[in-house]
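Please read the sequence and the structure below together with this report.

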Amino acid sequence: MRLYYSFWQLGAQVVYSVLYNVRVFGRENVPSEGGMLLLSNHQSFLDPVLCGLSLSRELDFMARDGLFHNRWFGKYIRSLNAFPVYRDKADTRAIKEMIRRLKAGRAVMMFPEAPRTADGRIRTSKSGFELIARRSGAVTVPVVIEGAFEVWPRHRVLPGMGHIHVQFGQAITTEEVKELGRDKFVAEVNSRLRTMQGELRRRSGKEPFDYE
């Protein structure tokens, strides 16, 4: 891990611990090396930082192209491994870049449910990540963030304070991805994300969502 990245990660750990009392579970499920595709639910703008906060390796992530329009902010997030994706079209360039990074042994995160949730629930994920997982040969790790929606929902301009939990699930190997096939793999990821969210909500004293 670069010293520069470690500096910003440490700063984020201090700030997030004070403001959000972040607790992380399942770090033992995250491989320390090799290509890894992190699939996370999307509750707020805080999510990319929350996913990389406790990892012992650098994390790359796709960010919507609008975030790169500001020259200085764009340079800043690029320096922390972000790369743009154009949401209003099928951005094959971003997909190829993600596969390239995964093949190079990087850890890359994406939000398969796309835009931030409107109510805290996990929407049914889109199927594009299956192709990325299969072609890259990377392991897939589901991760759930709970509490960030209450801290910074879509309709609020600035974040508030609160308690946030993050849980990393058991890795899904490339062999398992191939055995499951596209539809079963997508269904498995959706099921794991929602099950993990239910566990975190119970741990926080909240009622789990009913996805039936």
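A salt bridge is a side-chain nitrogen of Lys or Arg within 4 Å of a carboxyl oxygen of Asp or Glu. The side chains of Glu130 and Arg134 meet this rule, with N and O 2.9 Å apart. This is a predicted model, in which local features need pLDDT of at least 70 and side-chain atom pairs count only at pLDDT 80 or more, while totals for chains, interfaces and linings use all residues. Residues are numbered from 1 along each chain as its sequence is written, and side-chain values use heavy atoms, with hydrogens and water left out.

## Salt bridges

Side chains of opposite charge can pair when their charged atoms come close. A search of the whole structure finds twelve salt bridges. Three of them are listed here.

| Pair | Closest N and O atoms |
|---|---|
| Arg2 and Glu58 | 2.9 Å |
| Arg101 and Glu97 | 2.7 Å |

Helices and strands are DSSP runs numbered from the N terminus (helices: H or I, at least four residues; strands: E, at least two). Glu130 and Arg134 are four residues apart in helix α5 (residues 128–136), so about one helical turn separates them. For accessibility, buried means under 20% relative accessible area, exposed over 50%, and partly exposed in between (1.4 Å probe, protein chains only). Glu130 is buried because its relative accessible area is 5%, whereas Arg134, at 36%, is partly exposed. Salt bridges with shared partners also join Arg2, Glu58, Asp60, Glu97, Arg100, Arg101 and Arg106 into one network.

Arg101 and Glu97 both belong to helix α4 (residues 92–103), where they too are four residues apart, about one turn. Arg101 has a relative accessible area of 14% and is therefore buried.

The bridge between Arg2 and Glu58 connects other parts of the chain. Arg2 is in the segment before α1 and Glu58 is in the loop between α2 and β3, so the pair ties together parts that are 56 residues apart in sequence. Arg2 counts as partly exposed at 36% relative accessibility, and Glu58 counts as buried at 9%.

Arg57 is placed in the loop between α2 and β3.

The side chain of Arg57 does reach the backbone oxygen of Gly34, at 2.7 Å. Contact here means heavy atoms within 4.5 Å. Not counting residues up to four places away in sequence, Arg57 touches residues including Met1, Tyr5, Pro31, Glu33, Gly34 and Arg106.

## The nonpolar cores

In soluble globular proteins, nonpolar side chains tend to be buried together. A nonpolar core is a set of buried Ala, Val, Leu, Ile, Met, Phe, Trp, Tyr and Cys residues joined through side-chain atoms within 4.5 Å. The largest such core has 33 residues, and those with the most contacts inside it are Val22, Leu38, Leu50, Ile164, Val166 and Phe168. Elements that give two or more residues to this core include α1 (3–20), β2 (36–40), β6 (139–146) and β7 (165–168). The largest share, four residues, comes from α1.

Leaving aside neighbours within four places in sequence, Leu50 is in contact with Tyr16, Val22, Ile145, Ala148, Ile164 and Val166. A second, separate core of 26 residues includes Leu37, Phe83, Met110 and Ala138.

## Strand β2

Five of the five residues of β2 are buried, so the strand is largely enclosed by the rest of the structure. Met36, Leu38 and Ser40 lie on one side of β2, with Leu37 and Leu39 on the other.

Two strands pair if DSSP finds at least two bridges between them. β2 and β5 pair in the parallel sense over four bridges, and Leu39 has Met110 in β5 as its bridge partner. β2 also runs parallel to β6, joined by five bridges, and here Met36 stands opposite Val139.

## An exposed residue

Val18 is in helix α1. Val18 counts as exposed because its relative accessibility is 61%.

Methods:
A polar contact is a pair of N or O atoms within 3.5 Å; within protein, one must be able to donate a hydrogen and the other to accept it, and residues adjacent in sequence count only if both atoms are side-chain atoms.
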